[in-house]
Amino acid sequence: MVEKGVTFINVIELPADEVDAFVEQWRERAKLMRDAPGFRDSRLHRAQLPDTRFQLVNVAHWDSAEAWEAATAEPGFRAAMRGVPGAVSPNPALYDVVVEFQRP
């Protein structure tokens, strides 16, 4: 049986006209994460409307909080994060599933 792991969610506030450039940078950072031990998957969601407060939402799954912490502590990832523009306001956190519903 596979353990549930943890869910990383980052809601990102930035101007709508900066989303495309940010997404390209995100793709490069995501490449660093995909080979990290404990990484399972990640999806970046884009708001449909330009006046939505959080233009991007990243949802990723990791084996553990420790795996996520180790991956984000890597020097290559830290260097890539220095390239994020100042207008970007990330709101990252780790979550556990407490209720789950699925179609029967």
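## Exercises on a predicted model

Glutamate 24 and arginine 27 both belong to helix H1, where they stand 3 residues apart, about one turn of the helix. The coordinates used in these exercises come from a predicted model.

**Exercise 1.** Determine what joins the side chains of glutamate 24 and arginine 27, and classify the accessibility of glutamate 24 and of arginine 27.

*Solution.* Begin with the helix itself: H1 covers residues 19-34, and its 16 residues reach 22 Å from the first C-alpha to the last, close to the 22 Å expected at 1.5 Å a residue. An α-helix has 3.6 residues a turn, so residues three or four places apart point the same way. Next, examine the charged atoms: the two side chains of glutamate 24 and arginine 27 meet in a salt bridge, at 3.2 Å from N to O. Finally, apply the accessibility classes, in which partly exposed lies between under 20% (buried) and over 50% (exposed). Glutamate 24, with a relative accessible area of 47%, is therefore partly exposed, and arginine 27, at 46%, counts as partly exposed as well.

**Exercise 2.** Find which residues of H1 are buried, and state what covers them.

*Solution.* The buried residues of H1 are Val19, Phe22, Val23, Trp26, Arg29 and Met33. Their cover includes strands E1, E2 (39-46) and E3, together with helices H2 and H3 (75-81). Two of these residues can then be placed in nonpolar cores: Met33 is one of the 10 residues of the largest core, which also includes Phe8, Trp62 and Phe77. Strand E1 (6-13), strand E3 (56-62) and helix H2 (65-73) each supply at least two residues of this core, and the largest share, 3 residues, comes from H2. Val23, by contrast, belongs to a second, separate core of 8 residues, which includes Ile12, Trp26 and Val88.

**Exercise 3.** Among the salt bridges of the whole structure, examine those formed by arginine 46 and arginine 40, and state which parts of the chain each one links.

*Solution.* The search of the whole structure finds 5 salt bridges. In one of them, arginine 46 pairs with aspartate 20, the closest N and O atoms being 2.7 Å apart; this pair links distant parts of the chain, since arginine 46 is in strand E2 and aspartate 20 in helix H1, 26 residues apart. Arginine 40 forms a salt bridge with aspartate 63, with the closest N and O atoms 2.6 Å apart. Because arginine 40 lies in strand E2 and aspartate 63 in the loop between E3 and H2, the pair ties together parts that are 23 residues apart in sequence. Arginine 40, at 31% relative accessibility, counts as partly exposed, as does aspartate 63 at 39%.

Definitions and conventions:
Residues numbered from 1 in each chain as written. Predicted model: local features only at pLDDT ≥ 70, side-chain atom pairs only at ≥ 80, totals over all residues. Heavy atoms only, no water. Core = buried A, V, L, I, M, F, W, Y, C linked by side-chain atoms within 4.5 Å. Buried < 20%, exposed > 50% of the residue type's maximum accessible area, 1.4 Å probe, protein only. Helix = DSSP H or I, 4+ residues; strand = E, 2+ residues; numbered from the N terminus. Expected span 1.5 Å × (residues − 1). Contact = heavy atoms within 4.5 Å. Salt bridge = Lys/Arg side-chain N within 4 Å of Asp/Glu carboxyl O.
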